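Please keep the display in view while reading.

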Amino acid sequence: MIVVFVCVITLSQSFKCETIDLTIPDSYVNDYYCDCPDGSDERQTGFCPGTIFKCENVGSTSKEIDSRFVGDGICDCCDGSDEAQGVCANRCKEETQGHIDEVDKEIKTIESFIQFNRNYQSEGKKTREHLQQTLNDKKTEIERMKEEKVVETLDEEINKIKEDIEHAKTQHEERLDQLEDEYKDVLEKNNTQNKTEDVKEEIEHSGDQLETNKTTEKEKTEEELRLEEYHSKVDEEKKTFEEDKRTKEKEKMEKEKKQRDRKSEIEKAEKTLWEVEQKQKAKVPLNYCDDFFFMNELTNNRYKLYYGFNVTQNGNINIGSYDRTTEEGDVYINGDICKVGTLEIIRSATVSKRCGAKPEIISAEEPETCKYKIVINTPCACTEESLTDLVSKKSKLEAVRDRKI
C-alpha cells in the first residue's frame, strides 16, 4: 500500500486591499512597504504617496489626513500620531473639552433666552387681558388732551409773539428814520447859521485871523459832537430793539417746543390706540410672547416687518399682511400686485423664526418673483426643544472625550 502525504501550507491572508481584488497577510499591513497598489495597507504609516492617514485621536474625533502631511513636523492629529513620538503633545481631551465648554456656554445662553420667552409670555398675556382697558384709557387720554386745547392756545400765543416782533421791527425802523431826520435838521440849521455869521464878519471886517481859526475849530467840534450824539442814539435804539427781539424769540421758541411736545404726545397716544385696535382685531396667537411684540418694527435694508401685522419693501410696497402660522413660519399674504410681463402676481412672504435674544431681521430674500422669505431672531422661538440638539451634542462630545480606544 502506498501512502501519499500531502503537505498543505496555508498563509495567513486576511487583509483585502480596498480598491483592488488583492489579499495580503496581516503582517504586511503598516510595515512601511506598499503591498496594495492603492496604498490601503499603509493607512497608519502614511508611507504610500497619495494615500490617506487615519488619526485615531482617542479622546477626540478621529479624522483622516493626506499621507503627505505625515512626518512634516506639523501636528495635524490632536494625538500627534502623524509625527514621530515626542514631537507632538496629545491634546485630544483638551480640544474636546474646549468644544464641550462652547456648547455648554451656548446652552446657558439659550436657557437665558427661554427665560426671556417666559417673561414675555407673562407680559403678553397681561397685555391681552387688559387690552380693552388700555383701549378705553387711550381714548380718554386723547380726548382729554384735545379738550385742553393746549396746541391751539399755544398756536395763538406764538402768532401773537410773531405779530409783536413784526410790530416792534416797524417801530424800530420808524425811530431810526426819525433820528436821521432830526440829525439832518440840526445840520441844516447849523449850516444856515454859519453862513449868516460869515456874511456879518465880511461886512464888519472885524476880528483877526487867529479868532477866525478858533471859531472854525469850535464849529467842527460841535458838529462832531452832534454826529457822536446821533450815532449814540442809533446804537442805543438798535441795542434795545435786539434785546427785546431776543427775549420775544426765546419766548416763541419755548412755546413752539411745548406745542411740538404736546403734538408728539397726542400722535404717540393715537398711534398706540391704533395699534391696540389692530391688536384687538387680530387673531390671538398661541404664543403670548408674539403677542407682546405685536407691531414692533424690525428693519433690514429695504424691508420692514411690523411684527405679526405687516411686511413692506422700500417703504411704500406692501408685501402682505399676517394671515396664519405654519410649520415653515408666519405667512403674510395679499400684498401689492407685482407685474411681470403679462403676469400679475400678488406679493406674499413667509417669516421664519429662530431663537435669539431680541426680535431682529437676520436675512430677507426673494427666491421667487414677488415671493419673499424673511428670517428673524426672536426670544419667542426659544423653547425647551431648542436645547435638545445642544444637550445631545454635549453628551456625544463627553462620550468622545471619555472613550479609551
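Student: Does Asn 57 count as buried or exposed?
Tutor: The cut-offs are under 20% relative accessible area for buried, over 50% for exposed, and partly exposed in between, using a 1.4 Å probe and protein chains only. Because its relative accessibility is 2%, Asn 57 counts as buried.

Student: What kind of model is this?
Tutor: Residues are numbered from 1 along each chain as its sequence is written, and side-chain values use heavy atoms, leaving out hydrogens and water. Local features need pLDDT of at least 70 and side-chain atom pairs count only at pLDDT 80 or more, while totals for chains, interfaces and linings use all residues; the model is predicted.

Student: Where is Asn 57 found, and what is its phi?
Tutor: Strands here are DSSP runs (E, at least two residues) numbered from the N terminus. Asn 57 belongs to the loop between strand 3 (52–55) and strand 4 (63–66). Although Asn 57 is not a glycine, its phi is positive, at about 50 degrees.

Student: Does Asn 334 count as buried or exposed?
Tutor: Asn 334 is placed in strand 9. Its phi is positive as well, near 60 degrees, in a residue other than glycine. Because its relative accessibility is 56%, Asn 334 counts as exposed.

Student: What is the relative accessibility of Asn 377?
Tutor: Asn 377 lies in strand 14. Leaving aside residues up to four places away in sequence, Asn 377 has contacts (heavy atoms within 4.5 Å) that include Arg 354, Cys 355 and Pro 359. Asn 377 counts as buried because its relative accessibility is 17%.

Student: How many bridges join strand 12 to strand 14?
Tutor: Two strands pair if DSSP finds at least two bridges between them. Strand 12 pairs with strand 9 (residues 330–334) in the antiparallel sense over three bridges, and Asp 330 has Val 351 of strand 12 as its bridge partner. Towards strand 14, Ala 349 stands opposite Tyr 372. Strands 12 and 14 run parallel, and the number of bridges joining them is eight.

Notes: Helices (H or I, at least four residues) and strands (E, at least two) are DSSP runs, numbered from the N terminus.
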